[in-house]
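This report goes through a few parts of one structure. Please look at the sequence and the model before reading on.

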Amino acid sequence: MGKTKNTSLDTVVTDFILLGLSHPPNLRSLLFLVFSIIYILTQVGNLLILLTVWADAKLHARPMYILLGVLSFLDTWLSSVIVPRIILNFVPASKAIPFGGCVAQLYFFHFLGSTQCFLYTLMAYDRYLAICQPLRYPVLMNGRLCTVLVAGAWVAGSIHGSIQATLTFRLPYCGPNQVDYFFCDIPAVLRLACADTTVNELVTFVDIGIVATSCFMLILLSYANIVHAILKIRTADGRRRAFSTCGSHLTVVTVYYVPCIFIYLRPGSKSPLDGAVAVFYTVVTPFLNPLIYTLRNQEVKSALKRMTAGRGTE
């Protein structure tokens, strides 16, 4: 599982070289354009949702849309932590990232990513209460409780990111310094450590495994109860609207969790598909979230129309 390198400890790595995504040289310009457009659309889409939720009084007072606004905020920053580095891989610029920059990128990625895991769980719980406990929903999930739960998700995410960054960079790095990945992530960086990484790989497996698995199981439990409640709705229109509300969330959760499990719950392993799979939860998910939540949510679309018509605060 772990490994020990015999490279001289007299050499200390001061920066890393991100090799980026493997790609045919003739597609470099096209990939640069594609990822640049995705990044711009991701920022615009998520900022638009943030502004819509903030400006519309009917939305920012409801927990469901408070959570959606926080998700858009997370996606904006998560995309900014990763995608600009991917874009730089397609231009003839230096691929180097300072040691401190690598530490920061790993910390913020795991901080924001784990916070997003917790947030998806809260969103599932919110939908469970709204559909399975509609009469008690205003009491069980109010604005104050929602704020406390979101704050707890941020704190837990920060702790998770700090643990992973501290454990990863407490190891000596004395060369080589080429990270065979498109950003500084735990598995790729650990391969360059000049010390045994068994403990790191075990902690990563257990820590991320517990976070991802527990959140995923809670989400599945919530939706099992939701489906059971939806099937009891007598009208076809009621069932359709309930399924539509939850369908967007399930789509996002699937696109996010399946690639994460593939990457992190295989300790010590490396696959040529790792980079392509990681693009789903680092690039695709933040890009899709605004599209999914606006195109499948009539209330958000109505709020967007009100805001563009200058009536967002009415």
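## Strand S1 and its partners

Phe 16 has Ile 97 as its bridge partner in strand S2. The strands here are DSSP runs of E with at least two residues, and helices are DSSP runs of H or I with at least four residues, both numbered from the N terminus. S1 (residues 15–18) and S2 (residues 96–98) are antiparallel and share 3 bridges; two strands count as paired if DSSP finds at least two bridges between them. S1 also runs parallel to strand S3 (residues 178–179), with 2 bridges, and Ile 17 has Gln 178 as its bridge partner there.

The model is predicted: local features need pLDDT of at least 70, side-chain atom pairs count only at pLDDT 80 or more, and totals for chains, interfaces and linings use all residues. Residues are numbered from 1 along each chain as its sequence is written, and side-chain values use heavy atoms, without hydrogens and water.

Buried means under 20% relative accessible area, exposed over 50%, and partly exposed in between (1.4 Å probe, protein chains only).

## Cys 102

Cys 102 is part of helix H4 (residues 99–132) and is buried, at 0% relative accessible area. Beyond its neighbours within four places in sequence, Cys 102 has contacts (heavy atoms within 4.5 Å) that include Phe 16 and Ile 97.
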